Amino acid sequence: MNAIKGDLSFDPYGVLGLSNDCTDVQIVKAFRKAALKWHPDKNPDRKKLSEEMFLKISQAFELLSDPAAKAAYDRLQAAKTAKAAYIQRRQQTCSAQKVRLLEELERREAEAAKNQDATKVAKRNLEKEIQRLREEGSRLLQKEREKLEKQIHENFKNFVEKPCCSTGVMEPARLKVKWKCADASARLSEEDILRLFEKYGKISMVVMSPSGKSNAIIEFKKEADAV
């Protein structure tokens, strides 16, 4: 018959109304039935359509009646079906993965926003605590300095050495003062000593302890100023 020309653009099983597990007898029977129905001589009013259908029926029969050609066609269709199934599964998998990725992205964005808010709150709380510590530290420092000043005034007349006045000349008087300092930041400076004792007389010199201890020597210009 040699009706097949080029690749088939139709399903030969569908044209003959057969399934792909049909027998040779079923193929012949289906061909005769379809050929009789669509023979051009029996369809003069549908000549063009009948000619096209009769050609397809002939091509389908020629392919399916040849075992080797039928097997090759079946393998091709199986490969196409497997490929289509693979593509479908791939698309479904990709779609599912895309959905999961989008959900994960939304979750992370929400978590990041939450963490950012928590960070802002924590930062504000830290700033408040720092401000509180500054205020409390200033008050504690002031109290410590007041204690130092009180202690120095109480020990004002404790001399390390007394001035000698045997010559009749008024010698400078020196006074050693000590204080207790629990906080190193509250340690008195030379300016603090001058401020505290200048009301008792004119001070010519203040010598702070070189070892960093809480004591100093104050030299008044007159002995009377140190009393």
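Student: Where does Ser50 sit, and which residues is Ser50 in contact with, leaving aside neighbours within four places in sequence?

Tutor: A contact means heavy atoms within 4.5 Å. Ser50 belongs to helix H3, and beyond those neighbours Ser50 is in contact with Trp38, Pro40 and Asn43.

Student: What does the secondary structure of the chain come to?

Tutor: Helices (H or I, at least four residues) and strands (E, at least two) are DSSP runs, numbered from the N terminus. Here there are five helices and three strands, and along the sequence they follow the pattern α-α-α-α-β-α-β-β. Of the 227 residues, 24% count as buried.

Student: How do the strands pair?

Tutor: Two strands pair if DSSP finds at least two bridges between them. Strand S1 (residues 173–178) pairs with S3 in the antiparallel sense over six bridges, while five bridges join strand S2 (residues 203–208) to S3, also antiparallel. Look at Phe220 in S3: Phe220 is the bridge partner of Ala173 and of Ile203. Strand S3 (residues 215–220) is mostly covered, with five of its six residues buried.

Student: How should I read an aromatic pair?

Tutor: A pair of aromatic rings is described by the distance of the centres and the angle of the planes. Rings of Phe, Tyr and Trp (its six-membered ring) pair if their centres lie within 6.5 Å; planes under 30 degrees apart count as stacked, over 60 as edge-to-face and the rest as tilted. This structure holds two such pairs. Tyr13 and Tyr73 form a tilted one, at 6.1 Å centre to centre with 40° between the planes. That pair links distant parts of the chain, 60 residues apart: Tyr13 in helix H1 (residues 12–16) and Tyr73 in helix H4 (residues 67–154). Both Tyr13 and Tyr73 are buried.

Student: What about Phe31 and Phe61?

Tutor: Phe31 and Phe61 are stacked, 4.2 Å centre to centre and 20° between the planes. Phe31 lies in helix H2 (residues 24–38) and Phe61 in helix H3 (residues 47–64), so the pair ties together parts that are 30 residues apart in sequence. Phe31 counts as buried at 14% relative accessibility, and Phe61 is buried at 17%.

Student: Which residues of helix H5 are buried?

Tutor: An α-helix has 3.6 residues a turn, so residues three or four places apart point the same way. In H5 (residues 190–197), the buried residues are Asp192, Ile193, Leu196 and Phe197. They lie on the same side of H5 because they cover an arc of only 110° around the axis, judged by the directions from the helix axis to the C-beta atoms.

Student: Where does pLDDT stay under 50?

Tutor: pLDDT is the predictor's confidence in each residue, from 0 to 100. The chain averages 77, and 73% of the residues score at least 70. Over residues 159–166, however, pLDDT stays under 50. Where pLDDT is low, the predicted coordinates should not be read in detail.

Note on methods: Residues are numbered from 1 along each chain as its sequence is written. This is a predicted model: local features need pLDDT of at least 70, side-chain atom pairs count only at pLDDT 80 or more; totals for chains, interfaces and linings use all residues. Side-chain values use heavy atoms; hydrogens and water are left out. Buried means under 20% relative accessible area, exposed over 50%, partly exposed in between (1.4 Å probe, protein chains only).
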